[in-house]
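Let's take a walk through this protein chain and look at how its parts pack together. Keep the picture open as you read.

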Amino acid sequence: MAELTDDERSTLKTGAFGAVYLVSNADPGIFSMVRESFAASDAFAGASGLVKDVLTSGELPKLPRDTPAAVEGLVLPLLRRSVAVLTAKSPHDLDEYRSTVLGAVDRVARAASGVDPAEQKMIDKITQALADPS
């Protein structure tokens, strides 16, 4: 298993949890949020190796509570940085990270009433952030 610094682990974890938060808040609702949080937890628990270790250990990350734009402004760059970290230090874990995050946001979007346009727009932004750097 690759050795990541505490900062790198925080980057991966905050990016992943932040992505879930962004999709969940794209179509807010209190009852939906409960179903969505269980869906995300299941997706993260289903990860393997380094990705599972990073996403399921330690404290939950703290995200800004100001505005959705503030969270998006933090999370999307963290996802891009996560790709860079894994590319450099643990390239064999990169696909697992991508598929886990994208699987979690897809489950979150489908957990309540299916994927609405606002959720899909956010999923598209997350997918782009997780793409290979050009």
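At roughly what angle do the axes of helix 4 and helix 6 cross? In this predicted model, the axes of helix 4 (residues 68–89) and helix 6 (residues 117–129) cross at roughly 35 degrees and come within 8 Å. On the helix 4 side, the residues that meet helix 6 are E72, L76, L79, R80 and V83, and their partners are M122, K125, I126 and A129. Sorted by type, the residues of this contact are 6 nonpolar, 3 charged and no polar.

Now look at I126. Leaving out residues up to four places away in sequence, I126 touches A19, V23, L76, L79, V101, L102 and V105. I126 also belongs to the largest nonpolar core, which has 36 residues, and is among those with the most contacts inside it, along with V23, L79, Y97 and V101. Helices 1, 2, 3, 4, 5 and 6 each give two or more residues to this core.

Then there are the charged pairs. The count comes to 7 salt bridges, and here are some of them:

| Salt bridge | N to O distance |
|---|---|
| R81 and D7 | 2.5 Å |
| K125 and E72 | 2.9 Å |
| R98 and D95 | 3.6 Å |

K125 is in helix 6 and E72 in helix 4, so this pair ties together parts 53 residues apart in sequence. R81 in helix 4 and D7 in helix 1 are 74 residues apart. R98 and D95, though, sit 3 residues apart in helix 5, about one helical turn. R98 is buried, at 15% relative accessible area, whereas D95 is exposed, at 56%.

Definitions and conventions: Residues numbered from 1 in each chain as written. Predicted model: local features only at pLDDT ≥ 70, side-chain atom pairs only at ≥ 80, totals over all residues. Heavy atoms only, no water. Axes fitted to C-alpha atoms, helices over the stretch in contact; angles between N-to-C directions. Helix = DSSP H or I, 4+ residues; strand = E, 2+ residues; numbered from the N terminus. Contact = heavy atoms within 4.5 Å. Nonpolar A, V, L, I, M, F, W, Y, C, P; charged D, E, K, R; others polar. Core = buried A, V, L, I, M, F, W, Y, C linked by side-chain atoms within 4.5 Å. Buried < 20%, exposed > 50% of the residue type's maximum accessible area, 1.4 Å probe, protein only. Salt bridge = Lys/Arg side-chain N within 4 Å of Asp/Glu carboxyl O.
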